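Please read it alongside the sequence and the model shown here.

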Amino acid sequence: MIPGLSIVPSFVSEAEERALIELIGWSRDRAPHSQRNRIDRYCTDKIPEPFARLCDRLIDLGLVSMRPPSISVNEYRKGQGIVFHVDTPQSGDVISILGLHSDAVMLFMRGWTGGDPSRGCAEFSLPFPRRALVQIQGECRRLPWLHAIPPVTEDRISIVFRGVLNVRPAL
Ligand SMILES: O=C(O)CCC(=O)C(=O)O
């Protein structure tokens, strides 16, 4: 495992997963997006109650030090993924990602090594089962580390909690 990378299996139950998918409004009749996955964003005062409860669970389990102020929902159709990237500094020190609806893989690469950046040159491959929570912080949160989701083999959703700052000791 890369330093700073961790996974919590079964962060939500199967019943909770079903309720979250219903809330997100997974709609099979929505026109498929050809390249990019669909993204919805929520900020501090407009976070739906079920997402707020997940934030409380993150705190109760000691996984974050504060309520994540920003939540994004990614909706991937079969064949869609997200290319290698590093999240912006505004995304905070800890990124927490809950995978729903299908299993996936998360790839990690240390800087560009040439070749197709969307697949193929990963140095570390993390199986990311549905209902698990992946946390990216510390070393793997920063360049030169990049992460990606290769094209998914089944429709998938992820809920991404951002904006959490590590509490630093006062000087
Ligand atoms: O969907 C995922 O599991 C990863 C999402 C991600 O890396 C991002 O939104 O920046």
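Met106 has Leu126 of β7 as its bridge partner, within an antiparallel pairing in which five bridges join strand β6 (residues 104–110) to strand β7 (residues 124–128). The model is a predicted one, in which local features need pLDDT of at least 70 and side-chain atom pairs count only at pLDDT 80 or more, whereas totals for chains, interfaces and linings use all residues. Residues are numbered from 1 along each chain as its sequence is written.

**Strand pairing**

- Strands, like helices, are DSSP runs numbered from the N terminus, with at least two residues in state E for a strand and at least four in H or I for a helix; two strands pair if DSSP finds at least two bridges between them.
- β6 also pairs with β9, again in the antiparallel sense, over four bridges, and here Met109 has Leu146 of β9 as its bridge partner.

**Ligand surroundings**

- The shell around the ligand consists of Asn74, Ile82, Asp87, Ile97, Gly99, Met106, His147, Ile149, Ser158 and Val160, where a residue is near a molecule if its C-beta atom, placed from the backbone, lies within 6 Å of it.
- Two or more residues of this shell come from each of β5 (94–100), β9 (145–149) and β10 (156–164).
- By residue class, the shell holds five nonpolar, four polar and one charged, with Ala, Val, Leu, Ile, Met, Phe, Trp, Tyr, Cys and Pro counted as nonpolar, Asp, Glu, Lys and Arg as charged, and the others, Gly among them, as polar.

**Backbone geometry in the loops**

- Most residues other than glycine have a negative phi, and most peptide bonds are trans.
- His101, in the loop between β5 and β6, has a positive phi of about 80 degrees although it is not a glycine.
- His101 counts as buried because it has 21 C-beta neighbours inside 10 Å; the cut-offs are 20 or more other C-beta atoms within 10 Å for buried, 12 or fewer for exposed, and in between for partly exposed, with C-beta atoms placed from the backbone.
- Arg131, in the loop between β7 and β8, likewise has a positive phi, near 75 degrees, but is partly exposed, with 19 other C-beta atoms within 10 Å.
- The peptide bond between Leu143 and Pro144 is cis, with omega about 10 degrees, and Pro144 sits in the loop between β8 (133–136) and β9.

**Helix α2**

- The 12 residues of α2 (residues 49–60) should span 16 Å, and the end C-alpha atoms are 16 Å apart, which agrees; the expected span is 1.5 Å times one less than the number of residues.
- Just after α2, Gly62 takes a positive phi of about 75 degrees.
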